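Trainee: I am new to this one. Could we go through it together, step by step?

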Amino acid sequence: MGAPGRLVLWLQLCALTRAAYKVWVPNTDFETAANWSQNRTPCAGDAVQFPAGKVVTVLVRESHAVSDVLLPLDGELVLASGAGFSAVVDGAHPECNTGGPALFRNPDRFSWLDPHLWRTRDQAPGFFSVDAERVPCSDDDVLFPANASFRVALGPGDGPARVHSLSALGQTFTRDTDLADFLGSREGRLRFHGPGTLSLGSEPCTDRSGCVCSNAEALPWICAALLQPAGGRCPPAACRSALRPLGQCCDLCGAIVSLAHGPTFDLERYRARVLDLFLSLPQNRGLQVAVSKVRRPAAGADTEIQVVVAEARPAAGAAERLARALVADAEAHGEALGVLSAALRPSGEPVGGDAAGQEGPGSHAGLAGGVGAAVLLVLLGTLLLLCRSGRLRWTRREGAESPPTEVPLGFRNPMFGEAASVELPPGLAPEGDGARRSYFVNPLFSAVAEAEA
């Protein structure tokens with residue numbers, strides 16, 4: 001590995017050892033196309049309408065010419081330097097073809113418990129988090145963008161959403177009293193709403209083997225928010241005996257490695273090892289790995305390390321191969337890593353399109369055999385149809401006929417039966433009893449023959 005590669009790997013390993021920061025993704029900015037019903041910002045001369053019964057906070061960065069604006073009963077429009085609105089009376093720009101006013105979408109649609117709306121800052125490539133850990137855990141630091149407007153729905157859930165710290169509007173809150181004062185202010189009410197509550201933890205995670213995420217009780221609401229766009233149902237897995245790791249909402253294909261750990265196990269060090277020795281290999285490109293500490297009381301221990309290896313195409317089988325390599329590594333270096341034992345649970349064989357889409361000699365042979373069988377069936381069907389319609393006949397020839405030595409005295413006419421036929425002369429009659437034939441003698445042909453004789 002060259003110097004640039006070593007530098008990139010060193011930066012990735014440093015990212016693994018820093019504290020987990022969860023960053024809020026969506027915003028309620030005026031210029032964000034996704035915030036409008038037509039998925040575009042209003043055109044010049046458009047009529048702009050905000051939901052009358054909602055509280056909105058909207059950051060406006062540019063100048064806009066509109067025909068009219070319907071404002072909500074409560075909320076705020078924050079104008080950046082140089083931003084503003086001007087009125088026009090010529091109507092909407094002809095290239096827009098709006099067909100109605102530009103409607104600002106419901107600002108209350110963003111939920112704290114929706115995994116889609118969060119991202120982990122500086123997460124190393126090849127790693128992912130199970131659904132419960134995509135939402136901020138109790139030892140995470142939460143960041144809201146300082147240069148964007150936002151509105152977050154808290155709850156539902158039995159307990160409060162608890163994090164280590166929260167940064168918003170240029171302030172960082174680490175104590176519950178300070179956060180409570182902010183949430184009770186007008187700025188806080190404009191940005192945080194709903195039946196849930198938010199609180200702060202006193203200490204970050206100091207256990208080097210990792211800390212269990214605190215979202216297990218909120219997992220039903222997390223999954224409901226995650227699957228709401230899909231009608232509340234998980235997509236079908238592309239493999240048999242699909243796996244559902246702890247903290248995951250839906251089944252997936254791949255493998256799960258469970259590590260029983262001792263007091264010397266270091267979670268961040270193990271993640272760095274997986275990245276350096278396994279995920280960097282060419283054959284493991286495209287695989288995703290999640291490493292976290294989970295509670296497994298049924299296994300006879302308070303916690304264990306869950307390693308989830310997921311792949312998009314289960315037909316490739318790369319996830320199981322990587323998982324077996326991780327188990328072999330744990331068995332060979334368990335004492336140095338602080339791993340007591342390792343267990344593997346892979347998913348089953350692929351189903352549906354994934355299995356059919358796997359290319360190989362067998363698949364091509366099967367395709368050729370199928371095409372050949374189809375062609376044979378078509379030929380047989382065509383022959384049968386011709387036979388039934390009388391267009392194709394078979395005649396049985398019991399013996400070979402020798403060519404005639406003289407001009408024949410007649411021709412065979414099947415319309416005349418045995419009574420109207422005569423026997424051929426002995427010199428022309430074919431040999432054998434089974435070669436008997438009946439012929440009709442043409443008088444005209446016979447008369448001409450006698451005259452010539």
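Mentor: Gladly! Bear in mind that this is a predicted model. Let us start with one cysteine: Cys211 has a relative accessible area of 33%, so Cys211 is partly exposed.

Trainee: Which residue forms a disulfide with Cys211?

Mentor: A disulfide is a covalent bond between the sulfur atoms of two cysteines. Here the two sulfur atoms are 1.9 Å apart, and the cut-off for a disulfide is 2.5 Å. The partner of Cys211 is Cys205.

Trainee: Is the disulfide of Cys205 and Cys211 left-handed or right-handed?

Mentor: Look at the torsion about the S-S bond of Cys205 and Cys211, which is about 90°. That makes this disulfide right-handed.

Trainee: How many residues apart in sequence are the parts that Cys137 and Cys213 tie together?

Mentor: A disulfide joins Cys137 to Cys213, with an S to S distance of 2.0 Å. Cys137 sits in the loop between helix 2 and strand 9, and Cys213 in the loop between strand 15 and helix 5, so the parts they tie together are apart in sequence by 76 residues.

Trainee: Is Cys249 buried or exposed?

Mentor: Cys249 is joined by a disulfide to Cys223. Buried means under 20% relative accessible area. With a relative accessible area of 5%, Cys249 is buried.

Note on methods. Residues numbered from 1 in each chain as written. Predicted model: local features only at pLDDT ≥ 70, side-chain atom pairs only at ≥ 80, totals over all residues. Heavy atoms only, no water. Helix = DSSP H or I, 4+ residues; strand = E, 2+ residues; numbered from the N terminus. Buried < 20%, exposed > 50% of the residue type's maximum accessible area, 1.4 Å probe, protein only.
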